[in-house]
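Subject: Handing over the structure

Dear colleague,

I am passing on to you the structure we spoke about, with the sequence alongside. Please look through both first, and then read the notes that follow them.

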Amino acid sequence: MHELPVVHSLVEQLRAEAERLGVDGKVAVVHLKLGALTTFVPEAMTFYFEVLTKGTDLESARLDVEEVPVAGTCRRCGEAITLEGLPFVCAACGSPDLEITSGRELVIDSLEVKDDGAG
Amino acid sequence: MEIKIVKKVLEAYEKLADENQQLLAGKGVYAFNLIGSPGSGKTLLLERTFEAAAAEIKPGVIEGDIATTADAERLQRFGVPIVQINTGPFGGDCHLAPNLIRAALEDLPLDELSVVFVENVGNLVCPAEFYVGENEKVVVLSVAEGEDKPLKYPLAFREAKAVIINKVDLLPHLDLDLDVLKRNVAAVNAGLDVFEVSAKTGTGVAAWVDYVKGRLAAGRN
Ligand SMILES: Nc1nc2c(ncn2[C@@H]2O[C@H](COP(=O)(O)OP(=O)(O)OP(=O)(O)O)[C@@H](O)[C@H]2O)c(=O)[nH]1
Ligand SMILES: [Mg+2]
Ligand SMILES: [Zn+2]
């Protein structure tokens, strides 16, 4: 329900980045990393992306959302963990004392740009 | 051709929130961000908290009611500084964004306060997502909402440091199993401090108020 303002900032940032890189009008795919713990819904993100880029330099760009799993390490046994679901406990020792290091991402990872055909 | 970017979409948001935290820390003020469903009892909990300890904890309030000033009016009798904010276009109407909190902080007499309570917009989804510069988030969950809420809204319970299980006076009228609710809370975040409270009768309010005082004392060290 709150994807619209977030996609709005995303599009503004993309516009600035594309300009800085001299690739405005040539962005084909935007790769976005989205943590599984965030409440942003990928389908809503891509929908608003289409709406907000229509008739702009980014119109032909597609938003690709890659989900990043919730992961981290167990503070008790040191095991690296990836959580598939609840509960939030270490799969190795059962401890709930986890250091979560990923799963909250909302990151523009990379851009795929159309080649000019010139080079 | 692929160009690596690696840039946080909410970077500007986070920077503003960090600045809010610096402003608060500079004044020695601790900030709670209260989040919870509409009607879970956030405002009534603040009323009980101020009845018990307003003089001691020197609170200020930032009210995030979307459309009315009703909550702010309920708190007026305590004579504590209150800033009402209307959610702006950046944040939509579903949560308080850090730029709005900044403006509200500038309207509060921070030099005279020890604690600021932000009553976020009633909603368990969006307010969980955004750091506004608070020291901690507290979820206010009422027993009328059902046992499954922590499982359905895990982010809120992951981001919080404490959860108030409110309206326990209603338990005799409900089928809710309090143990199941607490187990679900622990499944999402076993490190949460849990308070069983009735903001109506006052049950459990003292323990919560002690917790608040403890946070303020720790902040002064
Ligand atoms: N029985 C009972 N009712 C409560 C309790 N706490 C709050 N209420 C009632 O629940 C209703 C909502 O309480 P509020 O304090 O306005 O809830 P809120 O979370 O601030 O609501 P919003 O700001 O609209 O999201 C009111 O009618 C309160 O009197 C409680 O512990 N027990
Ligand atoms: Mg309220
Ligand atoms: Zn472990």
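The side chains of D111(B) and K27(B) form a salt bridge, with 3.1 Å from N to O, in what is, please keep in mind throughout, a predicted model. D111(B) belongs to the loop between helix 4 (98-107) and strand 5 of chain B, while K27(B) belongs to the loop between helix 1 (11-26) and strand 2 (30-35) of that chain, so this pair ties together parts that are 84 residues apart in sequence. Over all chains, a search of the whole structure gives 21 salt bridges.

Chain B also holds a metal site, in which the magnesium ion (ligand 2) is coordinated by T43(B) through OG1, D71(B) through OD and E119(B) through OE, at 2.0 to 2.1 Å. Written along the sequence, the spacing of these donor residues is T-x27-D-x47-E. Because D71(B) sits in helix 3 (residues 70-75) of chain B and E119(B) in strand 5 (residues 115-119) of chain B, this pair ties together parts that are 48 residues apart in sequence.

Turning to the interface, the contact draws 26 residues from chain B and 31 residues from chain A, and the area buried between the two chains is about 2700 Å², of which 63% comes from carbon and sulfur atoms. Between chain B and chain A there are 3 salt bridges, including the one that E129(B) makes with R104(A), where the closest N and O atoms are 2.6 Å apart. Across the same interface of chain B and chain A, 14 residue pairs are in polar contact, both residues being at pLDDT 80 or more.

On the side of chain B that touches chain A, the elements that give two or more residues are strand 1 (2-8), helix 5 (126-129), helix 7 (154-159) and helix 8 (178-188) of chain B. Strand 1 of chain B gives the most, with 7 residues, and by class this side of chain B has 17 nonpolar, 2 polar and 7 charged residues.

Strand 1 of chain B is also joined to strand 6 (residues 106-113) of chain A by 5 bridges, the two strands running antiparallel, and within this pairing I3(B) is the bridge partner of L111(A).

With kind regards

Terms used. Residues are numbered from 1 along each chain as its sequence is written. Chains are lettered from A and ligands numbered from 1 in the order in which they are written. This is a predicted model: local features need pLDDT of at least 70, side-chain atom pairs count only at pLDDT 80 or more; totals for chains, interfaces and linings use all residues. Side-chain values use heavy atoms; hydrogens and water are left out. Contact means heavy atoms within 4.5 Å. Buried area is the accessible area (1.4 Å probe) that two parts lose on being put together, summed over both. A salt bridge is a side-chain nitrogen of Lys or Arg within 4 Å of a carboxyl oxygen of Asp or Glu. A polar contact is a pair of N or O atoms within 3.5 Å; within protein, one must be able to donate a hydrogen and the other to accept it, and residues adjacent in sequence count only if both atoms are side-chain atoms. Helices (H or I, at least four residues) and strands (E, at least two) are DSSP runs, numbered from the N terminus. Ala, Val, Leu, Ile, Met, Phe, Trp, Tyr, Cys and Pro count as nonpolar, Asp, Glu, Lys and Arg as charged, and the others, Gly among them, as polar. Two strands pair if DSSP finds at least two bridges between them. Donors are N, O and S atoms within 2.8 Å of the metal (3.2 Å for Na, K and Ca); water is not among the atoms, so sites may look incomplete.
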